[in-house]
Amino acid sequence: MNVSSFSFLLHKPEKIAPEHTGELQKIIDEYPYFQPARALQLKGLKQEKSFTYNDTLKMVAAHTRDRSILFEFIT
């Protein structure tokens with residue numbers, strides 16, 4: 001994933017496709033504390049109704065400074 005596509009997803013998170021979640025996982029593997037990538041991946045997992053959503057939500061909530069912002073972003 002390049003910078004422009006990541007920036008596009010930040011501005012339009014409703015456009016996250018299932019293939020983006022895999023690319024976001026690669027970013028998270030390389031930069032484990034990069035919270036925007038975790039939030040985008042979580043949003044993508046929710047949109048595709050993935051069974052890993054709940055486990056990922058716990059991990060992202062642990063890495064998030066302000067959970068109210070995360071809640072607003074996800075819902």
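User: Is Gln41 buried or exposed, by its relative accessibility? Please describe the surroundings of Gln41 as well.

Analyst: This is a predicted model, in which local features need pLDDT of at least 70 and side-chain atom pairs count only at pLDDT 80 or more, while totals for chains, interfaces and linings use all residues. Residues are numbered from 1 along each chain as its sequence is written, and side-chain values use heavy atoms, with hydrogens and water left out.

Gln41 has 8% relative accessibility and therefore counts as buried. Buried means under 20% relative accessible area, exposed means over 50%, and partly exposed is in between (1.4 Å probe, protein chains only). Gln41 sits in helix 3; helices are DSSP runs of H or I with at least four residues, numbered from the N terminus. Leaving aside residues up to four places away in sequence, Gln41 touches Thr21, Leu24, Gln25, Ile28 and Thr56. Contact here means heavy atoms within 4.5 Å.

Gln41 also takes part in the packing of two helices. On the helix 2 side, Thr21, Leu24, Gln25, Ile27 and Ile28 meet Ala37, Arg38, Leu40, Gln41, Gly44 and Leu45 of helix 3. These contact residues divide into six nonpolar, four polar and one charged. In this scheme Ala, Val, Leu, Ile, Met, Phe, Trp, Tyr, Cys and Pro are nonpolar, Asp, Glu, Lys and Arg are charged, and the others, Gly among them, are polar.

Helix 2 covers residues 18-30 and helix 3 covers residues 35-47; their axes are 9 Å apart, at an angle of about 155 degrees. Axes are lines fitted to C-alpha atoms, for helices over the stretch in contact, and angles run from 0 to 180 degrees between N-to-C directions. Helix 2 and helix 3 are therefore roughly antiparallel, a term for angles over 145 degrees.

Arg38, another residue of that helix contact, is touched by His63. His63 lies in helix 4 and also touches Pro32, Tyr33 and Gln35, again not counting residues up to four places away in sequence. With a relative accessible area of 26%, His63 is partly exposed. A polar atom of the His63 side chain lies 2.9 Å from the backbone oxygen of Met59.

Lys49 lies in the loop between helix 3 and helix 4 (53-63). At 74% relative accessibility, Lys49 counts as exposed. Phi of Lys49 is near 55 degrees, a positive value in a residue other than glycine. Most residues other than glycine have a negative phi.

How values were computed. Parallel < 35°, antiparallel > 145°, perpendicular 65-115°, else oblique. Polar contact = N/O pair within 3.5 Å; in protein donor to acceptor, adjacent residues only side chain to side chain.
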